[in-house]
Amino acid sequence: MADSAETESSEDQLPDPPAGRPSWWLWPNLVAIDAPIVAVVWLFAFAKAFSAPVEFPHYLVLFLCVWCLYIADRLLDAAKLKAGDPSPGLRTHRHHFMYRNRRLFALLWFFLAFIGGLFAISQLERPIFGAGLIVFVGAAAYFLTFVAPLGNKKPLPGKEIAGGLLFAAGTTVPVFADYSGELPVVLPFAIFAGLCALNLLLIASREGDLPQSRGFSGFVIGLGIALALAAAGLALFGTNAETAPFLRPLFFVESLAAMAMTILQFARPATTRDSFRVLADVALLTPLIPVAAFLG
């Protein structure tokens, strides 16, 4: 009995926990609701810009689906942490927290998946449900390629780019699944996907999963500046305010998000790893600032 208790205690001991306790402002990240909030905010912005009839069930299903995906990702990372994976990106408060509460979050995942699936089947229109299934298949492929490859193979590069595209696609499904308007779709979506990828690149680099060299930092800054200029140019010169009154503000908040993340990269030496992670997500909440009044 003593040996059994000692073994159990050893299994529950956290490997390499980060120093100190997590700050209060880190809790949304610890429980993985930061990404669902970002997704819902941008769904609202795209729905306004394209005058799409997005209602409460669409927001709820999106929130639950993104939450499930991020919990699954964290649980897989917790399993890697338990197995002794040396990746520096796993030595964070959120992974430490998920490792300690992995059983609780596994139960929560099943509950959220059940509720989300029930709402999706009963509340979503057929085109949106069908497009959502396609994104779900994409998410499964993403996990099997970049997160937990079959046969314990090494994950392929490009995780952050693929993740940004997947996040953007899932967020905008209720808007574009059955869209039949005349407003341009590709450019605002492409810039949003670029913003999501930029966010993931910033975080992965700051946490040590990607290079921290000057060259890579220059690439990230260049991407941010390019996205900011492209979105600002489209807002100022590429959008007719009379025919697309709500599309111009969407480009503006996209430009602001790109500028915020670019500035954050410049300020990186003055931030902690946790604060950088939170600020990178806050930078994606630009539709909530006063500029968002133009969308309403």
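## Close-up views of a predicted model

A search of the whole structure finds 2 salt bridges (a salt bridge is a side-chain nitrogen of Lys or Arg within 4 Å of a carboxyl oxygen of Asp or Glu). This is a predicted model: local features need pLDDT of at least 70, side-chain atom pairs count only at pLDDT 80 or more, and totals for chains, interfaces and linings use all residues. Residues are numbered from 1 along each chain as its sequence is written, and side-chain values use heavy atoms, with hydrogens and water left out.

**View 1. The salt bridge of Glu 207 and Arg 94.** The two side chains meet at 2.7 Å, N to O. Glu 207 lies in the loop between H9 and H10, and Arg 94 in helix H5 (residues 93-100), so the pair ties together parts that are 113 residues apart in sequence. Helices are DSSP runs (H or I, at least four residues), numbered from the N terminus. Glu 207 counts as buried, at 5% relative accessibility. Arg 94 counts as buried too, at 8%. Buried means under 20% relative accessible area (1.4 Å probe, protein chains only).

**View 2. The salt bridge of Arg 277 and Asp 281.** Here the N to O distance is 3.8 Å. Both residues lie in helix H12, 4 residues apart, about one turn of the helix. Arg 277 is buried, and so is Asp 281.

**View 3. The largest nonpolar core.** This core has 49 residues. A nonpolar core is a set of buried Ala, Val, Leu, Ile, Met, Phe, Trp, Tyr and Cys residues joined through side-chain atoms within 4.5 Å. Among the residues with the most contacts inside it are Trp 42, Phe 167 and Leu 250. Helices that each supply at least two of its residues include H3 (34-49), H8 (159-176) and H11 (247-266). The largest share, 10 residues, comes from H9.

**View 4. The surroundings of Val 175.** Val 175 touches Leu 43, Phe 46, Ala 47, Phe 50, Ala 52 and Val 54. Residues up to four places away in sequence are not counted. Contact means heavy atoms within 4.5 Å.

**View 5. Helix H9 and the residue Gly 208.** Of the 21 residues of H9, 17 are buried, so this helix is largely enclosed by the rest of the structure. At 1.5 Å a residue, H9 should span 30 Å; its end C-alpha atoms are 30 Å apart, which agrees. The expected span is 1.5 Å times one less than the number of residues. H9 is followed by Gly 208, whose phi is positive, near 95°.

Notes:
Buried < 20%, exposed > 50% of the residue type's maximum accessible area, 1.4 Å probe, protein only.
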